[in-house]
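Please look at the sequence and the structure below.

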Amino acid sequence: TNTRTVVTALVPPRHVLINSAPFLVNRAADVYAEAFLLGVLSSIPLDWYSRRYVELHLNFHIFNDLPVPAFHKGTPVVDRLVLVAARLAAKDRRYQNWASQVGVEVGTVTDQGVKTELIAEIDALVSLLYGLSVEQVEHVFATFQRGWNYHERLDAVLAHYENWKGVS
């Protein structure tokens, strides 16, 4: 009954996961790439794609083939995605060390309206990184889930899309 297929989380240090919770280990210790991946994996565009292949469970056979846009640190859209994803992930002091490495403060997203806008911005930024047109973004939202009221979120996504479109 979950409305999402790919459920993403930054797990704080010294926490245990159960065996049905697949996880990635950041061996390169690149927190920027980690925040980038968090943003991509938590986006509607990636989730829409994953639904084309996932019936019941997302396993590594499917996960390994999910398309992830190229990570080019220093480009405006990628850098913004990193900061937005990091702000959303760094909920409290458990993430202090990670957040300071990325360059964000912990606990800055406490208002639901701000959180909703940041989530919409992630969807827009990831759509741009995939090279999606406005029509393709609209299609992703219209076909993502039967019966969901997506129009308000799509409007917010498209507003961010227009703000970032053409930014190199």
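From the N terminus on, the chain's elements run α-α-α-α-α-α-α-α, that is, eight helices and zero strands. Helices (H or I, at least four residues) and strands (E, at least two) are DSSP runs, numbered from the N terminus. The radius of gyration is 16 Å, close to the 15 Å that the globule rule gives for 168 residues, so the chain is as compact as a globular protein of that length. This radius is taken over C-alpha atoms, and the rule is 2.2 Å times the number of residues to the power 0.38.

The model is predicted: local features need pLDDT of at least 70, side-chain atom pairs count only at pLDDT 80 or more, and totals for chains, interfaces and linings use all residues. Residues are numbered from 1 along each chain as its sequence is written, and side-chain values use heavy atoms, with hydrogens and water left out.

Buried residues make up 36% of the 168 residues; buried means under 20% relative accessible area, with a 1.4 Å probe and protein chains only.

The axes of α4 (residues 76-89) and α6 (residues 112-130) come within 10 Å and cross at roughly 145°. Axes are lines fitted to C-alpha atoms, for helices over the stretch in contact, and angles run from 0 to 180 degrees between N-to-C directions. The residues of this contact (heavy atoms within 4.5 Å) divide into 13 nonpolar, no polar and four charged.

Serine 43 lies in the loop between α1 (31-41) and α2 (44-50). Serine 43 counts as buried because its relative accessibility is 0%. Leaving aside residues up to four places away in sequence, serine 43 touches Arg4, Ile122, Asp123 and Val126.

Terms used
Ala, Val, Leu, Ile, Met, Phe, Trp, Tyr, Cys and Pro count as nonpolar, Asp, Glu, Lys and Arg as charged, and the others, Gly among them, as polar. Buried means under 20% relative accessible area, exposed over 50%, partly exposed in between (1.4 Å probe, protein chains only).
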